[in-house]
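I opened the notebook to record, entry by entry, what I looked up in this structure.

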Amino acid sequence: VSSTSDFTAHPQVINGCSDLLCEVFGKEVGTHSRFAVGCSSLPLGVAVEIGAVIEVEERQDCKASSIGLYGKDPLELVEKFMKKDLASSGQRGQDKKYAWKQGAGGWIADFTLERIPWSFTLEEIKLGPRLTFWVGEKDVPPIIAGTPFMQKLVSGSKLEVVPGGDHGFKSDPKHLSAILQELCRQWHSKK
C-alpha cells in the first residue's frame, strides 16, 4: 500500500481484495492467508499492489496437449511469436520486451486459462454493475469482439472501451489509475 509514514491502516486497505476474492471464488476457494505492508511509492504510481501464489487443481479434462495450439507444439509456436515481437524496434520493441518478460510460458498459461473448462459460467457471476469489463478500442480483433460478448453474459455488468487503447492499455498509468479508481468506487458502493 502506497502511503505516508503516519498511515497505519494497511490491513483495512487490503481487506477489499480479500473480500473480493471470497466473493468471487466463494469462501471455500477464496479464503487465504495474507499480509499488508506500506511503502512511500509503488511502480507506475499505483496505490496498491497485490501479489498471490495460487494452487490450481489438476483436472483430467483440462490437460494440455501438444496438438492443442493449431496442431503444433505450443512452446515452439509461441517462441516464434516471441522472437518476432522482440525483434521490433522503438517503443513497440520496448513494450513487447515487457510483455514477454515471463517468456513463452506466461503466454501459454494465459492461452490455456482462457480455454479450459471453468467451474462456473459467466452467467453465474452475480456482481451486476460492480463488475466492469475493460477493453482497448484498438485491441486485437478477438478481444474487441470477445469482451462485449462476455460482458453481456454477466447480467448488469458494465463495459468500458478505452479510446485509443491497444492491447497494452492497462500498462499506461493513466488507464491503470482509472481502473483502480473504478474498483475503489465499486468497493465503496458495496458498503
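I took a disulfide to be a pair of cysteine sulfur atoms within 2.5 Å, and in general it is a covalent bond between the sulfur atoms of two cysteines. I searched the whole structure and found 0 disulfides. Cys-17 is in none, and its nearest cysteine sulfur, that of Cys-22, is 9.6 Å away, which is too far for a bond.

I noted that the model is predicted, so that local features need pLDDT of at least 70 and side-chain atom pairs count only at pLDDT 80 or more, while totals for chains, interfaces and linings use all residues. Residues are numbered from 1 along each chain as its sequence is written, and side-chain values use heavy atoms, with hydrogens and water left out.

Next I asked how accessible Cys-17 is. Cys-17 counts as partly exposed because its relative accessibility is 22%, where buried means under 20% relative accessible area, exposed over 50% and partly exposed in between, with a 1.4 Å probe and protein chains only. Cys-22 also counts as partly exposed, at 22%.

I then looked up Leu-21, which is found in helix α1 (residues 10-30); a helix here is a DSSP run of H or I with at least four residues, numbered from the N terminus. Leu-21 is partly exposed, at 30% relative accessibility.

Last, I turned to Gln-151, which lies in helix α5 (residues 141-153) and is buried, because its relative accessible area is 14%. Leaving out residues up to four places away in sequence, Gln-151 touches Phe-133, Ser-157, Lys-158 and Leu-159, where contact means heavy atoms within 4.5 Å.

Definitions and conventions: Helix = DSSP H or I, 4+ residues; strand = E, 2+ residues; numbered from the N terminus.
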